[in-house]
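Please read the points beside the sequence and the structure.

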Amino acid sequence: MTEAVERLKLICEKPIHLIEQEGEWGTLTALTVEYEDYINILFPPRHSLQYKVHCIYHELGHIFLESQNLASPQISQSLLKETKNAISVSCRHIEDDPVERWVEDFAFRMSKKTRVNSSPALDPFLC
């Protein structure tokens, strides 16, 4: 994952921070918040390591597509106001959306490579 984050840092020309964040997440599994000088990917501590890795790769996929102007975040202005000083926020899940299908496929492929290089035990969230 470090290599993917480092490459995206070069593409976006700003640091990307992965932050495990306590709080009320509901069904949300990760959140990307872009500021003028950096990007934060927030994720809750409640899931297994492999599921967190999958969710982070999903958010990295959004960052890549948005850096290439292939997908615009569709976030309401009221939500954007809730993230002080943010310039964009990505936290959508739309059934059959081509962007969501692409980033989910990217996340699955990348997290599968991570699984192959770590534990032989399958994560029930990713089966």
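1. The model is predicted. In the second largest pocket, the lining residues divide into nine nonpolar and two charged, with no polar residue.

2. The volume of the second largest pocket is about 230 Å³. Two or more lining residues are given by each of helix 1 (2-12), helix 2 (49-67) and helix 4 (98-116).

3. The residues that line the second largest pocket are Met1, Glu3, Ala4, Arg7, Leu8, Ile11, Tyr57, Phe64, Trp102, Phe106 and Met110. Helix 1 supplies the largest share of this lining, namely five residues.

4. How are helix 1 and helix 2 placed relative to each other? Their axes come within 10 Å and cross at roughly 25°. Angles under 35 degrees count as roughly parallel, and helix 1 and helix 2 are therefore roughly parallel to each other. The crossing of the two helices is left-handed.

5. Which residues of helix 1 meet helix 2? On the helix 1 side they are Ala4, Val5, Leu8, Ile11 and Cys12, and their partners in helix 2 are Tyr57, Leu60, Ile63, Phe64 and Ser67. This contact between helix 1 and helix 2 comprises nine nonpolar residues, one polar residue and no charged residue.

6. The pocket and the helix contact may be read together. Ala4, Leu8, Ile11, Tyr57 and Phe64 are among the residues lining the second largest pocket, and Ala4, Leu8 and Ile11 of helix 1, with Tyr57 and Phe64 of helix 2, are also among the residues of the contact between these helices.

Terms used. Residues numbered from 1 in each chain as written. Predicted model: local features only at pLDDT ≥ 70, side-chain atom pairs only at ≥ 80, totals over all residues. Heavy atoms only, no water. 1 Å grid on protein atoms, 1.4 Å probe; cavity = no way out; pocket = protein on both sides within 12 Å on 5 of 7 lines; lining within 4 Å. Points joined across faces, edges and corners; volume = space filled by probe spheres on them. Helix = DSSP H or I, 4+ residues; strand = E, 2+ residues; numbered from the N terminus. Nonpolar A, V, L, I, M, F, W, Y, C, P; charged D, E, K, R; others polar. Axes fitted to C-alpha atoms, helices over the stretch in contact; angles between N-to-C directions. Parallel < 35°, antiparallel > 145°, perpendicular 65-115°, else oblique. Left-handed = near helix turned anticlockwise from the far one by under 90°. Contact = heavy atoms within 4.5 Å.
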